[in-house]
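Open the model in a viewer and keep the selection tool at hand. The stops below follow one another.

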Amino acid sequence: MASTEHFTTATSEMDEEKEAPPPQDLTLGWVRDALVRQEDSIVFALIERARFPYNAPAYDPSLLPQQGGRSLVEAFARGAEVLQAKFGRYQNPEEVPFFPDDLPAPSVIPYNFPEVFHPASAYVTENNAIWNMYFNDLLPLFTVEGDDGNYTSTAAADLVCLQALSRRIHYGKYVAEVKFRDAPQDYMTAICAKDRDALMKLLTFEAVEEMVKRRVLKKAMVFGQTVTLEDKTFDDETKYKVDPAVVARLYDEWVIPLTKDVEVEYLLRRLD
Ligand SMILES: C=C(O[C@@H]1C=C(C(=O)O)C=C[C@H]1O)C(=O)O
């Protein structure tokens, strides 16, 4: 594991490719580095989903008459979560299932994940909002109309996007915990008053948000271009696999606000 010093520097650009487990002395620099790394996963997941057209039948319950009104994508996600729960995915407190009811107990020997979250706050979930945002708002913005019959591959690609978004947004728990530890008095006053607006104000860093939005726009341009052996520069004619403006909008309208909602909900339970 890297030295503690590494974690204490808040960096805007990260050299490390791998995400280390959270250090015991959690710092905002470490959490922000992890969020920067996860931008890559989100942009690549969107690029992979955009290979398929919208594929409406994947979302139409009539495709699966035996599934009691569930669409293929919902049945697929539920089934995948059951399998992943069995093999221990949700033992890691960073992983939040979309369908927590009826998940089986893990059958693997538990790994000793560090307990960083305050127990009463650990179960905060924004997954319903993430699910609805993804299918109702985001998906139509970055897929082309059409039906190529690849419904299961489409559902699998949707789930990768959803899990990457969920992981990023629920990292708000780390952000909230570290901000609380850094200024407990300020946060305690707002928590005791159950003052959501005050909490939102305390935890917001507009300059950081602007940097995040600019960086994801650039990542969508860099990762989403067709690589050829010729030298070329970005121009208005460049075609991207996912429109960079949509990725910036995803962060601006949904990812950052939902992360902050997670932070507020976490903090409201922080003294329970
Ligand atoms: C995540 C943080 O908290 C807030 C949310 C941000 C985000 O979701 O990217 C950025 C800045 C803050 O307003 C942070 O401070 O890094």
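Select Arg-167 and Glu-95: their side chains meet in a salt bridge at 3.1 Å, N to O (a side-chain nitrogen of Lys or Arg within 4 Å of a carboxyl oxygen of Asp or Glu). This pair links distant parts of the chain, with Arg-167 in helix α5 (residues 151-170) and Glu-95 in the loop between α3 and α4, 72 residues apart. Glu-95 counts as buried at 16% relative accessibility (buried is under 20% relative accessible area, exposed over 50%, partly exposed in between, with a 1.4 Å probe and protein chains only). The model is predicted: local features need pLDDT of at least 70, side-chain atom pairs count only at pLDDT 80 or more, and totals for chains, interfaces and linings use all residues. Residues are numbered from 1 along each chain as its sequence is written, and side-chain values use heavy atoms, without hydrogens and water.

Next, select helix α6 (residues 172-182), where Glu-177 and Arg-181 are four residues apart, about one helical turn. Their side chains form a salt bridge of 2.7 Å, N to O. Glu-177 is buried, at 2% relative accessible area, whereas Arg-181 is partly exposed, at 39%.

Move to helix α9 (residues 206-223), which holds Lys-213 and Glu-210, three residues apart. Here too the side chains meet in a salt bridge, at 3.1 Å, N to O. Lys-213 counts as buried at 16% relative accessibility, and Glu-210 as partly exposed at 43%.

Then select Glu-39, Asp-40, Arg-215 and Lys-219, which are linked in a network of salt bridges. The whole structure has 19 salt bridges.

Note on methods. Helix = DSSP H or I, 4+ residues; strand = E, 2+ residues; numbered from the N terminus.
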